[in-house]
Amino acid sequence: MRTILLLITLLSLTAGLQAQTGSVSISATNAPVKDVFAEIQQKSGYRILYNDEIVPDDLRVTINTKDRPVKEVLDTLLRNTELAYIMQSDELIVITDRKFRRKNSRITGIVKDDLSGEPLPYVNVVLSDPDSTFAGGVATDDKGVFILDKIILDDAILTLSMMGYDTRFIQLRGLDGEVDLGELLLVQEVKKLDEVIVESSLQLRSIDKQIFFPTEAQKNKSTNGLQLTQRLLLPMIFVNPQTGTISYAGDKKLKILINGVEAVSQEVLALQPDDVIRIDYYDNPSMRYGEDIGLILDYIVKKRTTGGFLSANLMEIVKHEVLGNGQLSGGVNFGKSQIKFYYYLNHNDSKTSSLKQQTFRFPSGNTISRTEDGKQSRWSEIFQMGDISYTCYGEKNIFNVKGGLFSINQRYNDLEGDIMIRETNQATHYKTYDRPQTLRPSIDIYFARQIDDEQIVALNIVGTRSKNIVDYRYNETLNDKTTSDITTFVDGKRHSLITEIFYEKKFSESVFSTGLRHTQGYTENLYTGSSDFKTEMNDAISYGFLQYKGEKGKWGYMGGAGISRTYFQQKRKDDTYNRWTVSPMLSVDYRFNNTFSLRYSYQLRNINPSLSHLSDVERLRNSYQLDKGNPSLDSYLFHNSELRFSMNPSPVKSSFSLRSYYFDKPIMEETYYDDSRNIFVTINNNQKKTHQLTLQYNIGVSLFNDHLSINGYGGYNTTVSEGNNYRHTQNEWFYLLQTIADYKKLSLTVTMVQLVRPFWGETVSIGHSYNHYTLNYRFPWGQLGVTSMNLFREKTKKYSYSYNALTGYEREVNSEKLYPSLGIYGSINLNWGKQNKETRQKLNNSDSESGIL
């Protein structure tokens, strides 16, 4: 039925059909009704459409009329049948089932982009009578669906309008009962060479996401997806062009999707700006994406039915340090299928110096104060990742299979220097040697079925095999005599299988979703060297959730709950970890108008200990201290709440937010002295609590016709960490500001970063603090440019701390010799072929566990 009505709508815009006569004469006795329809069509000029399932072949009628209007003829013809009719226009009549007829009409439909096939939210849908008098209006929901109830007009004009799209007018005649217009396609405003050009920036908002449409100017000034992301001024999002990564200002994780398929920052680098239709910015993500996800970026891009693409990017630092990354991607399209590949390489080789002051305080009252002067530190790493995938798109199905490879090879992580012991006035010489490696191939199979316009079911299976190696050595000598020699070698492997099924059903003003996911894994790690251990661990996590979201007037709401079971068993050990947990969430949003909105969200999570923390193993740091696993750990509660007030007067996008993170009995470190072994032992245990409060202001503004863009955030953070025998507080201001200035084909980007240093338990880690400068020149085929970090030798010292009363330390890392760095950047993008509609993947899973302490 929906297909017929869509055809009616399209045909209603066609001119030049056969003219109709005003009256007809029909005479038939016990004749098939279909024959009578054919006679009316021939004599009147109307086109009569019907579904064979509605009009039975054996339905016969008797009628005798002379020179009567067609409407009167049909009234007489169908009076004693189960059939009804709608005079859709001056040319068309549709035959329907009488059970759909109602006293008042109801008009429904779904509005989509004509190229991508994606639903369009917030389209203005206005109904008026033939004299243009307003009769009702709504906006489409986030699925592009609209419903107009209680329509008493016989004839009407339906108007669909949205910024960036041509306004569409649909003439409706003979309204009566249920009228489902099916899919209505809107054409983007300006077209050039079969590509869509959005001339004006547009941002839309719903209960769980915002939608950002890039402008043509933003696309023209960008040569890849990362640069386009920069120019869209997404709140709390920072793009680092030097490392080719996207990061999130919150404390949770960022998930990146491309047409619903899980991806990484480097794959965004491979996107063609012209192919990006929009970015769905989920700042209140659904539970199906994971409980630890704070923000989702979903890049909705065009696909192609022929041709292909090839893209390459290269950045190399040529002064002081060896640092660079490169990307190569490509694909070919044939009909409903696509094969594509992606490869990314990042290499780093740098030298720094450090100074660490640490004091060991023994129960006897004695102390050992050590000053470690790390005269030379070398860190070198090669990071590689890539995949090859095949996708087949059916009318209602999508099938995707992807093989991926992830590799990290740390060629050097070495530190050499002298240690002065104040109490003995002796100096020792030390060396550390660290060579961790990870190799993780994976296979990802995905299948989805669109049951109908309201329902979808999807299945995702991911298999992963990991190989992890740790090669660590620590040597300390006094007068050429070895005083400490520690060796740790770990040969680890892990196999895992993740299976997930997801179901979603949408209603007129709401969406229901549910899903089940199960992860089964086996991990084996062999520790040799100074300590010999073997761990064999079986683990399983089962998770299910229910969620319901909707909107009512200016209010939006989303609520749900997840339940999970976590199982962990270490062979040859009596301890078994088996926990059931429940995780509810709630979000309420109120939009005062198109400029101001207020949102409150709350989530309760149960966080399980990691495999590495549960491992019953020990690992020496030095001759005074070791780390130890704890199989007795328990899960803990995480209360996450946020109040956000958004203000988006053009051309400014801004918001104030107050976030509260409260951890009840979190797993954090503690240190004690083992008298029997004369050594300090650091172990993770369930502590009392941690509470973090963050007040933050986000701003994005585009000035002077997009020639100057400023995006950033800043605020104040306070954290209280309370253990079983300690309490520490840290207060910090933080900011990130990125400014892009454009002049013709030149672009200057200045980024200033000073983020909150990670603080957990008793340790403050080194945070992100630097300034970055990039100057690019655009060509039709790509870009060339220069880049520099800390151009004025600023922010070259970074600090980390341990507040522990027994083994506390302060460490300074000095990278002054590396700066100012100078690098070159280049990119090339080639593509050809026609566009295809994209179907989005609904599930995405991965496993990065190693279980190594």
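The expected span of a helix is 1.5 Å times one less than its number of residues. Keep that rule at hand for the first stop. The model on screen is predicted.

**Stop 1: helix α2**

Select residues 33-44, which form helix α2. This helix has 12 residues, so it should span 16 Å at 1.5 Å a residue. Its end C-alpha atoms are 16 Å apart, which agrees.

Now colour the buried residues of α2: Val-33, Lys-34, Val-36, Phe-37, Ile-40 and Ser-44. Look down the helix axis. The buried residues of α2 fall within an arc of 155°, so they line one face of the helix. An α-helix has 3.6 residues a turn, so residues three or four places apart point the same way.

What do the buried residues of α2 pack against? Show β1 (23-32), β2 (47-49) and β3 (60-69). Step off the end of the helix. Just after α2 comes Gly-45, with a positive phi of about 90°.

**Stop 2**

Go to Asp-67, which lies in strand β3. Its phi is positive, about 50°, although Asp-67 is not a glycine. Most residues other than glycine have a negative phi. Asp-67 is partly exposed, with a relative accessible area of 49%.

Next, select Arg-68 and Glu-72. They form a salt bridge, with the closest N and O atoms 2.9 Å apart.

**Stop 2: a bridge between strands**

Select Glu-183 and Lys-112. Their salt bridge brings the closest N and O atoms to 2.8 Å apart. This pair links distant parts of the chain: Glu-183 is in strand β12 (residues 178-186) and Lys-112 is in strand β6 (residues 105-113), 71 residues apart. Glu-183 is partly exposed at 25% relative accessibility, whereas Lys-112 is buried at 14%.

**Stop 3: the nonpolar core**

Move on to the largest nonpolar core, which has 39 residues. Select Leu-234, Ile-246, Tyr-281, Leu-297 and Tyr-299, the residues with the most contacts inside this core. Strand β22 (residues 293-301) gives the most to the core, with four residues. In soluble globular proteins, nonpolar side chains tend to be buried together.

Centre the view on Leu-297. What is Leu-297 in contact with, leaving aside its neighbours within four places in sequence? Its contacts include Leu-234, Ile-237, Ile-246, Leu-254 and Ile-256. Also among them are Lys-255, Leu-257, Ile-279, Asp-280 and Tyr-281.

**Stop 4**

Select Glu-551 and Arg-591. They form a salt bridge, with the closest N and O atoms 2.6 Å apart. This pair also links distant parts of the chain: Glu-551 is in strand β34 (residues 533-552), Arg-591 is in strand β36 (residues 576-591), and they are 40 residues apart. Arg-591 counts as buried, at 15% relative accessibility.

Side chains of opposite charge can pair when their charged atoms come close.

**Stop 5: Ile-607**

Go to strand β37 (residues 596-607), where Ile-607 is found. Ile-607 has 15% relative accessibility, so it counts as buried. Leaving aside neighbours within four places in sequence, Ile-607 is in contact with Ser-635, Tyr-636 and Phe-638. Ile-607 and Ile-667 are 60 residues apart in sequence and 9.2 Å apart in space, C-alpha to C-alpha.

**Stop 6: a loop residue**

Select Lys-744, found in the loop between β46 (727-743) and β47 (746-754). Its phi is near 55°, a positive value in a residue other than glycine. Is Lys-744 buried or exposed? At 64% relative accessibility, Lys-744 counts as exposed.

**Last stop: the whole chain**

Zoom out. The chain holds seven helices and 55 strands. Of its 853 residues, 54% count as buried. Among contacts with a separation of 6 or more, 64% come from residues 24 or more positions apart. A search of the whole structure finds 36 salt bridges. Finally, show the surface. The chain exposes about 37,500 Å², and carbon and sulfur atoms supply 54% of that.

Notes. Residues are numbered from 1 along each chain as its sequence is written. This is a predicted model: local features need pLDDT of at least 70, side-chain atom pairs count only at pLDDT 80 or more; totals for chains, interfaces and linings use all residues. Side-chain values use heavy atoms; hydrogens and water are left out. Helices (H or I, at least four residues) and strands (E, at least two) are DSSP runs, numbered from the N terminus. Buried means under 20% relative accessible area, exposed over 50%, partly exposed in between (1.4 Å probe, protein chains only). The arc is that of the directions from the helix axis to the C-beta atoms. Contact means heavy atoms within 4.5 Å. Accessible areas come from the Shrake-Rupley method with a 1.4 Å probe; for residues, only the protein chains shown count as cover. A salt bridge is a side-chain nitrogen of Lys or Arg within 4 Å of a carboxyl oxygen of Asp or Glu. A nonpolar core is a set of buried Ala, Val, Leu, Ile, Met, Phe, Trp, Tyr and Cys residues joined through side-chain atoms within 4.5 Å.
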